[in-house]
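Please keep the sequence and the 3D view open while you read.

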Amino acid sequence: MRVWLPLDSFALAMGGEEVAAAIMAEAKARGVDVTLTRNGSRGMAWLEPLAEVEVDGVRHGFGPMKVADVAGLFGDLAKHPKALGPIEELDWMKGQTRLTFARVGVIDPLSLAEYRAQGGLAGLERAKGMTKAQIVAEVTESGLRGRGGAGFPTGIKWKTVSEAAGDRKYIVCNADEGDSATFADRMLMEGDPFTLIEGMAIAGLACGATKGFVYIRSEYPVAIRVMREAVEIARAEGVLGAAFDMEIRVGAGAYVCGEETSLLNSLEGKRGIVRAKPPLPALEGFMGKPTVVNNVISLASVPVILSKGAAFYKDFGLGRSRGTIPLQIAGNVKYGGLYETAFGLTLGEIVDRIAGGCFTDRPVKAVQVGGPLGAYFPRALFDTPFGYEEFAAKDGLIGHAGLTLFDDSADMLQMARFAMEFCAIESCGKCTPCRLGSTRGVETIDRLARGDASAMPILTDLCNTMKLGSLCALGGFTPYPVMSAVTHFPDDFARAKEAAE
Amino acid sequence: MLDSHVQSDRIAEILEAHSGLEGPLLPILHAIQAEFGFVPDSAIPQIAAALTISKAEVHGVISFYHDFREKPAGRHVLKLCRAEACQAAFGNSVADRAKEKLGIDWHETTPDGAVTLEPVFCLGLCACGPAAMVDGKLVGMLTPKSVEKLIDEVKK
């Protein structure tokens with residue numbers, strides 16, 4: 001009997017370890033020979049822990065599993081109260097275009113043989129037969145843009161590093177996924193770590209780099225464990241070695257280290273203070289050497305681009321947003337999780353059709369898109385298509401493609417205040433607009449809450465200063481959630497005034 | 001508490017084990033904290049000497065990162081997520097109940113030394129919030145009631 005139960009953090013947080021133990025105990029008690037594979041998550045967080053059992057060669061899903069549901073897996077499966085049917089036939093799975101996440105949830109994350117059998121390493125093999133310039137051209141042609149949030153064309157970054165002079169070059173993977181509502185990096189690392197390793201090895205070939213680092217946040221213990229084991233396996237199997245090797249490094253709870261220059265300082269063993277640019281990390285990065293700093297999803301999208309060709313990847317998407325994007329749907333949501341699709345769905349389709357609205361069954365009041373530095377979108381803007389330029393045109397950003405749903409009980413003034421408070425807690429302290437502006441921002445919003453409407457022009461002016469004067473996106477983008485709340489939800493700011501009167 | 005010789009010998013071993021790394025300070029601090037539960041003051045000059053940087057630099061790094069402790073935590077550490085997605089799922093009411101039950105605020109330890117309460121900004125469990133981490137174990141979909149139960153279990 002073949003059974004899968006995710007080792008993904010979603011599953012573990014919902015009791016997955018206990019369910020896995022119960023499956024093995026039940027198998028032993030019944031004398032049934034069970035092969036239990038700890039896979040990644042399929043992305044349907046509301047069904048975790050999601051067990052899968054093979055029936056006539058087809059994987060059937062059961063979830064969300066409790067320990068009490070385990071015995072039923074050994075009886076008539078069709079009558080199991082948590083039976084979902086064939087997993088690939090579920091609407092959530094059928095609606096997706098899984099390119100980067102093709103293997104996540106499908107394979108044993110730590111089996112290089114299964115990885116290979118599902119098309120893994122084909123991209124790296126092809127890259128080995130290409131020149132550096134050809135690999136860079138292929139990635140440029142695919143239209144892949146940085147999935148960490150900035151959306152900078154990956155191929156252009158690689159070209160700069162590839163052509164830069166340096167006795168050593170580095171590939172640094174930014175896995176400091178600190179934005180609330182984002183977990184794509186985590187799921188990829190937990191569910192298909194070899195894809196990231198392969199992507200980094202290809203980047204190494206393209207840029208002439210021999211060493212790679214993955215900087216993973218300390219809040220991701222499962223991802224750290226899986227990545228470390230995967231690197232050892234890849235080394236033992238010759239995927240990594242003298243030509244390109246890599247190391248897993250762990251962050252220390254500083255949100256700002258998701259900013260690339262701050263991350264490099266942290267990696268060097270310094271305070272995670274943001275560096276002024278120029279020089280670009282591509283020319284003077286880790287230890288002053290030419291360095292590619294790419295997000296997990298950017299690097300993990302490279303193997304499929306190399307194996308299937310730039311044209312295949314580029315064919316998905318809209319406008320200048322090419323390929324697919326793993327949407328991460330979170331917060332007060334009925335069907336939350338990871339949904340990989342081509343760019344171009346409208347926000348409304350994502351929120352209403354895919355996510356099913358709020359779990360409270362109350363109206364969706366706002367959706368924060370792009371994490372703590374992203375704007376709050378009201379229903380009036382739900383026709384915005386999901387793309388970099390399309391969201392920028394509405395004074396928002398897609399960031400790392402996280403979406404947080406709020407129902408009508410949310411107080412947007414409090415959310416604006418939280419954005420400023422978070423910035424104050426996490427500011428690295430190097431530039432004044434961010435370091436001081438965030439604290440003044442909290443105080444100014446508190447004045448508004450007390451009904452002092454004269455604070456509004458000050459808040460607007462402060463946001464403008466932070467936006468234009470901050471060194472990095474932390475101070476520079478905190479005005480997005482704040483001003484979008486002010487602009488789209490004026491009642492929440494006016495209500496505070498009435499209350500005071 | 002370890003005697004100071006044993007402590008400095010162990011720190012020396014950790015420094016030695018990390019000597020080949022590029023940019024070794026964070027891995028060293030993580031290893032020291034894993035060993036002692038915090039980064040003892042006495043480690044600072046030892047690290048500074050080994051890496052040929054100033055004591056001020058070492059202190060600066062320790063104090064910059066939320067993870068590093070300068071004194072021991074309680075026997076158990078409860079980290080509750082305060083980020084937006086968990087707030088949207090009513091994480092604030094979970095946090096309020098936890099504080100009330102423990103009788104402490106963020107960053108404090110109960111007088112009996114049992115539990116330290118810390119905020120965390122995202123555990124990547126945003127589709128099954130409110131989320132927490134208890135002594136390294138992840139927990140999702142908390143309610144004010146379930147967080148009370150969690151605290152009772154931890155204190156046992």
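In which kind of crossing, left-handed or right-handed, does H16(A) pass H20(A)?

## Two helices of chain A

The model shown here is a predicted one. In it, H16(A) passes H20(A) in a left-handed crossing. Helix H16 of chain A covers residues 412-426 and helix H20 of chain A covers residues 479-488, and their axes come within 8 Å while crossing at roughly 165 degrees. Because of that angle, H16(A) is roughly antiparallel to H20(A).

On the side of H16(A), the contact is made by A:Met412, A:Met415, A:Ala416, A:Ala419 and A:Met420, while H20(A) contributes A:Pro481, A:Val482, A:Ala485 and A:Val486. When these residues of the contact are sorted by class, nine are nonpolar, none is polar and none is charged.

## An enclosed helix and its cover

Helix H7 of chain A, residues 154-163, is largely enclosed by the rest of the structure, because seven of its 10 residues are buried. The buried residues of H7(A) are A:Thr154, A:Gly155, A:Lys157, A:Trp158, A:Lys159, A:Val161 and A:Ser162. Their cover includes helix H6 (132-142), helix H9 (193-207), strand E9 (291-295) and helix H12 (296-308) of chain A.

Two of these covering elements, H6(A) and H9(A), have axes that come within 7 Å and cross at roughly 125 degrees, which means that H6(A) is oblique to H9(A). Their contact is made by A:Lys132, A:Ile135 and A:Val136 of H6(A), together with A:Ile202, A:Leu205 and A:Ala206 of H9(A). By class, this contact of H6(A) with H9(A) has five nonpolar residues, no polar residues and one charged residue.

## A glycine in a loop

A:Gly43 is found in the loop of chain A between strand E2 (35-37) and strand E3 (51-55). Is A:Gly43 buried or exposed? A:Gly43 counts as buried, because it has 31 C-beta neighbours inside 10 Å, and the cut-off for a buried residue is 20 or more.

Leaving aside residues up to four places away in sequence, A:Gly43 touches A:Gly105, A:Met187, A:Gly337, A:Leu338 and A:Tyr339. Although A:Gly43 and A:Glu340 are 297 residues apart along the chain, their C-alpha atoms are separated by 9.3 Å.

## Chain B as a whole

Chain B has seven helices and four strands, and along the sequence they follow the pattern α-α-α-α-β-α-α-β-β-β-α. The chain is divided into domain 1 (4-64) and domain 2 (76-155), and the centres of these two domains of chain B, taken over C-alpha atoms, are separated by 30 Å.

Taken along the principal axes, the C-alpha atoms of chain B fill a box of roughly 50 × 30 × 25 Å. Of its 156 residues, 36% count as buried. Among the contacts in chain B with a separation of 6 or more, 58% are accounted for by residues 24 or more positions apart.

## Where chain B touches chain A

How many residues does the contact take from chain B and from chain A? It takes 34 residues from chain B and 47 residues from chain A. On the side of chain B, helix H2 (25-36), helix H4 (55-64), helix H5 (84-88) and strand E4 (137-139) each supply at least two residues, and the largest share, four residues, comes from H2(B). By class, the side of chain B that touches chain A has 24 nonpolar, seven polar and three charged residues.

Methods. Residues are numbered from 1 along each chain as its sequence is written. Chains are lettered from A and ligands numbered from 1 in the order in which they are written. This is a predicted model: local features need pLDDT of at least 70, side-chain atom pairs count only at pLDDT 80 or more; totals for chains, interfaces and linings use all residues. Axes are lines fitted to C-alpha atoms, for helices over the stretch in contact, and angles run from 0 to 180 degrees between N-to-C directions. Angles under 35 degrees count as roughly parallel, over 145 as roughly antiparallel, 65 to 115 as roughly perpendicular and the rest as oblique. A crossing is left-handed if the near helix is turned anticlockwise from the far one by less than a right angle, and right-handed if clockwise. Two residues are in contact if their C-beta atoms, placed from the backbone, lie within 7 Å. Ala, Val, Leu, Ile, Met, Phe, Trp, Tyr, Cys and Pro count as nonpolar, Asp, Glu, Lys and Arg as charged, and the others, Gly among them, as polar. Domain bounds come from an automatic or database domain assignment. A residue is buried if 20 or more other C-beta atoms lie within 10 Å of its own, exposed if 12 or fewer, and partly exposed in between; C-beta atoms are placed from the backbone.
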